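My plan is to look things up one at a time and jot down what I find.

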Amino acid sequence: MDLILEGIQKAFFLIFTLDAEVLGITLLSLKVSGTATLISLFIGISVGTAVALSRFPGRQLVVSLINTGMGLPPVVVGLFVTIFLWRNGPLGFLEILYTPTAIILAQAVIATPIVTGITLASIQHLPANLRLQILALGATRVQMVWLLVKEARLPLFAAVMAGFGGVISEVGASIMVGGNIKGYSRVLTTATVMETGRGNFDIAIALSIILLLLSFFINAILTQIQQRERPR
Amino acid sequence: MIKWSAKRGFTAMMIAALFLIGMALPACAAGPAQKNLILATTTSTQDSGLLDVLIPVFEKRTGYFVKTIAVGSGQAMAMGQKGEADVLLVHSPDAEKKFVAEGSGVNRMIVMHNDFIVVGPPADPAAIKGAKSTVEAFKKIAAAGSLFLSRGDNSGTHAKEKGIWKAAGINPEGQKWYQETGLGMGQTLNVAAEKKGYTLADRGTWLSLQAKLGLPILKEGDPILLNVYHVIAVNPAKWPKVNADGAKAFSDFMLSAETQGIVKTFGVEKYGGPLFFPDAGKPEYD
């Protein structure tokens, strides 16, 4: 119990004294996971909407794959991204293994199916007649898609939160592709693992608390935007 | 009005997203790649904090950017075998010799040593404290069926532990009292403390954790427990992409008088004794 209290004290100490290292780690976590989430939003919303609005042979299989991808284990992603990014691997020429960029890539791979799956479900959940109505009112196809996405924005914000929550809390892929390099590719989760290994439980608890606070504030902001309008 | 702002929020987010991705792209391209040096090393050098002291000095002096990947010695050498690391700092002599003999590594140089210790619960249920040797202590643990935590990760410590079991003529794998954590040294010590088990540890990591562990040293000072660290460059003839100049610079740095001086005094102030003993230029122990 003392340990937890010490950890909480340490967390506030580190936050209020603006400890340079902890601040750097926190900002990097935010930047990396934020960028990964944004990439996953672009791919996920486009693919999710496209699949939701189209009918083609093998569609069931595609949807099943997307839904499976929503539970993609981060370590599996980490392993494959590492192998691809090795110097002598297929994408070795990029020379991005053990960089924050590699973490962004791995996290985007993790978050994209989550966003795609939720988008797919929410667009498909819209009443079918809405589409016909929009088209009947003379909208172009692009306008129709844009209106549908806007109509589904409430669950889409849930997709953002699920995607971001999935990657900011992820450790397996980050440590494998980022290498947990001090002052460079060390994020909150990998730092927590390392400090636990070093027996610095107070710092580990402090980092965990910072991670929770960060998650909370991001989600609070997103919820604020999401709930501005009451669902009809 | 309210509805409009919600929509605006959504659009603003999309624009912000585009903007951020635009910002991230140039960041990807930054940083000259040839300046990067991948150091694959053991968890003990990172968990003890030694590298946090040495790496910044090296970077400042040479301008290289060191990517320290702290894994077990076994994995470090596996990275070297694939040309995915430039230089290794490891402590698994038998595997290292094989690594050099097969042509994966060059210029293997002795850097420093400390020793392994056998730690366990203060009650010492297998009564290993009176054992004449480490091998005998391991026999006693097996005979008593007391819990033993193995790293189980092909690290240098794990290799040493397997060597001692072999010398004792015991195959512990699959035994109920023998558990493999598959974790680093620090974490394995924590598991041993929590489960009141015995384990083999390097003194450096144990010293840096001992205040919180409650796992006293039960066996030490046996020649079999010597723990030697070497620096090895990955063979550039085999892997052209390896940063050979950087590896050479790192080797030279580790063997320099100044670095050896830092190694000698590292941890003295905090733990009351050195964690590592410098060995550069000395003959091999075996």
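What pattern does chain A follow, read along the sequence? I get α-α-α-α-α-α-α-α-α-α-α. The tally for chain A is eleven helices and zero strands, where helices (H or I, at least four residues) and strands (E, at least two) are DSSP runs numbered from the N terminus.

Ground rules before I go on. This is a predicted model, where local features need pLDDT of at least 70, side-chain atom pairs count only at pLDDT 80 or more, and totals for chains, interfaces and linings use all residues. Residues are numbered from 1 along each chain as its sequence is written, while chains are lettered from A and ligands numbered from 1 in the order in which they are written.

I noted ipTM 0.81 and pTM 0.84 for the model. For chain B the mean pLDDT (the predictor's confidence in each residue, from 0 to 100) is 88, and 88% of the residues reach 70 or more. Where pLDDT is low, the predicted coordinates should not be read in detail.

**Entry: chain A**
I looked up the extent of the C-alpha trace of chain A, and it spans about 65 × 50 × 25 Å along its principal axes. Of the 232 residues in chain A, 45% are buried. Buried means 20 or more other C-beta atoms within 10 Å of a residue's own, exposed means 12 or fewer, and partly exposed is in between, with C-beta atoms placed from the backbone. Among contacts in chain A between residues at least 6 apart in sequence, 77% join residues at least 24 apart.

Then I picked Phe12(A), which sits in helix α1 (residues 2-16) of chain A. Is Phe12(A) buried or exposed? Phe12(A) counts as exposed because it has 12 other C-beta atoms within 10 Å.

**Entry: strands in chain B**Chain B has twelve helices and ten strands, and 45% of its 286 residues are buried. I followed strand β3 (residues 87-90) of chain B, where Val87(B) and Leu89(B) point one way, Leu88(B) and Val90(B) point the other way, and all are buried. In a regular strand the side chains alternate between the two faces of the sheet.

Which strands does β3(B) pair with? Two strands pair if DSSP finds at least two bridges between them. Three bridges join β3(B) to strand β1 (residues 36-41) of chain B, and these run parallel. Here Leu39(B) stands opposite Val87(B). Four bridges join β3(B) to strand β9 (residues 226-234) of chain B, and these run antiparallel. On this side I see Leu89(B) opposite Val231(B).

**Entry: two domains in chain B**
Chain B is divided into domain 1 (33-113 + 228-278) and domain 2 (115-225), with bounds from an automatic or database domain assignment. Their C-alpha centres lie 26 Å apart. I checked where they touch: 19 residues of domain 1 of chain B are in contact with 15 residues of domain 2 of chain B. On the domain 1 side, α2 (43-47), α4 (73-81) and α5 (93-101) of chain B each supply at least two residues. That side divides into five nonpolar, twelve polar and two charged residues. For the record, Ala, Val, Leu, Ile, Met, Phe, Trp, Tyr, Cys and Pro count as nonpolar, Asp, Glu, Lys and Arg as charged, and the others, Gly among them, as polar.

Note on methods. Two residues are in contact if their C-beta atoms, placed from the backbone, lie within 7 Å.
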